Amino acid sequence: MRASRLISLLLLLQNRGRMTADQLADELEVSVRTVYRDLEALGAAGVPLYGEAGHGGGYRLLDGYRTRLTGLTADESQALFLAGLPGPAAELGLGEVLMTAQLKLWAALPAELHERARLVQERFHLDAPGWYAQADETPHLAAVAAAVWDRRTVWVRYRRWKAPTEVERRLQPYGLVLKAGRWYLVAAADGATARTYRVDQILELRCLEEQFATPEGFDLAAHWQDRLADFHARLHTAQATVRLSPRGVARGGEQLGQAFARAVAESGTAEADGWTRASVPIESLDHAHGAFLGLGTDVEVLEPPALRARLAVTARELADRYGAPAS
């Protein structure tokens, strides 16, 4: 445990420069007294540490000192080689950079970890996008990424789902997020609250000379998690009571997702004919209408009445259409 902590302390000083004992203690989650003992141990081992007293002081490594010691365990080395997504990196114009970084990491790995890293690349491949969606065309992704990096305001012509379907915006791009193979831009329009824009819906983009500062305390990952939580909270706002055949229970879980399967498991009650009655979440009448039609005769909707009536109308129309002989 102490050896791992000493490596972490050394790498903190190497990567961040001067740090106080209090800062090191916070990072390592130990007492300041423990940090002093660890610094003394590193000095005794020949690591050239330099301590400065007073305001703005702290501990640092002597200029020019670098260590090739990474402190990587076998599991950590595997995780690093598993984490590289060449497709998204190439989309951002970083494909060659990623390859070079992996080569440098490979060269720095101890010999005993080379085989573990090689096996990871041989046996695991990450392909993030889903099966049934074609890759989005994102011609402006590289320009968006450059604006995010340089903190430059952009002008965009953007396509959205509601009228007017095309709008113009001046955006301050805070960050990019890749979700299920689709790129999203988190940005603020003229100082407003940050919103999310699909990069593939940007029709035109100009990078402006104006720079901006990200609001103090803004955290891209935390913002995205809040957005996901809000999305899921609004996703299923109503309930439907249904009867499902045994095959409908299985197909419903496969086709309609985990929320549906969980609701059936938690609320489902067996009936005398072998079917299951359950209360399940629905997003909207339109969405539920299409979703339940996909289950065919393996589902019967009991409530809400409006959804049952719409399905009945659709069933009659289908019966009329397919009941007549083909012309």
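Predicted model: local features only at pLDDT ≥ 70, side-chain atom pairs only at ≥ 80, totals over all residues.
Student: How many bridges join β5 to β6?
Tutor: Four bridges link β5 (residues 182–189) with β6, and the two run antiparallel. To follow the pair on screen, look for Ala187, which stands opposite Arg195 in β6.

Student: And what about the loop between β5 and β6? Is Ala194 buried or exposed?
Tutor: Ala194 has its place in that loop. Buried means under 20% relative accessible area, exposed over 50%, and partly exposed in between (1.4 Å probe, protein chains only). Ala194 counts as buried because its relative accessibility is 17%. Leaving out residues up to four places away in sequence, Ala194 touches Tyr174, Val186, Ala187, Ala188, Phe218 and His223. Take Phe218: Ala194 and Phe218 are 24 residues apart in sequence, and their C-alpha atoms are 9.8 Å apart.

Student: Back to helix α8, then. Is Trp149 buried or exposed?
Tutor: Trp149 is in α8, and it counts as exposed because its relative accessibility is 76%. Its C-alpha atom is separated by 8.3 Å from that of Gly175, 26 residues away along the chain.

Student: How can I tell which side of a helix is buried?
Tutor: An α-helix has 3.6 residues a turn, so residues three or four places apart point the same way. Now try helix α2 (residues 21–28), whose buried residues are Ala21, Leu24, Ala25 and Leu28. They cover an arc of only 100° around the axis, so they are on the same side of α2. That arc is taken over the directions from the helix axis to the C-beta atoms.

Student: How do α2 and helix α3 (residues 32–44) cross?
Tutor: Their axes come within 9 Å and cross at roughly 100°. Angles under 35 degrees count as roughly parallel, over 145 as roughly antiparallel, 65 to 115 as roughly perpendicular and the rest as oblique. α2 and α3 are therefore roughly perpendicular to each other. Ala21, Asp22, Leu24 and Ala25 of α2 make the contact with Val32, Val35, Tyr36 and Leu39 of α3. By class, that contact has seven nonpolar residues, no polar ones and one charged. For the classes, Ala, Val, Leu, Ile, Met, Phe, Trp, Tyr, Cys and Pro count as nonpolar, Asp, Glu, Lys and Arg as charged, and the others, Gly among them, as polar.

Student: Which residues of α10 and α11 meet?
Tutor: Val249, Gly252, Gly253 and Leu256 in α10 meet Gln258, Phe260, Ala261 and Val264 in α11. By class, this contact has five nonpolar, three polar and no charged residues. The axes of α10 (residues 246–256) and α11 (residues 258–267) come within 6 Å and cross at roughly 150°.

Student: What should I look for in the backbone itself?
Tutor: Most residues other than glycine have a negative phi, and most peptide bonds are trans. Glu29 has a positive phi near 60°, and it is in the loop between α2 and α3. Glu29 counts as exposed because its relative accessibility is 73%. Arg151, in the loop between α8 and β3, has a positive phi near 55°.

Student: Which peptide bond at Pro164 is cis?
Tutor: The one from Ala163 to Pro164, with omega near -10°. Pro164 is in the loop between β3 and β4. Another cis bond runs from Glu303 to Pro304, with omega near 0°; Pro304 lies in the loop between β11 (299–303) and α13 (305–323).

Definitions and conventions:
Residues numbered from 1 in each chain as written. Heavy atoms only, no water. Pairing = 2+ DSSP bridges. Axes fitted to C-alpha atoms, helices over the stretch in contact; angles between N-to-C directions. Contact = heavy atoms within 4.5 Å.
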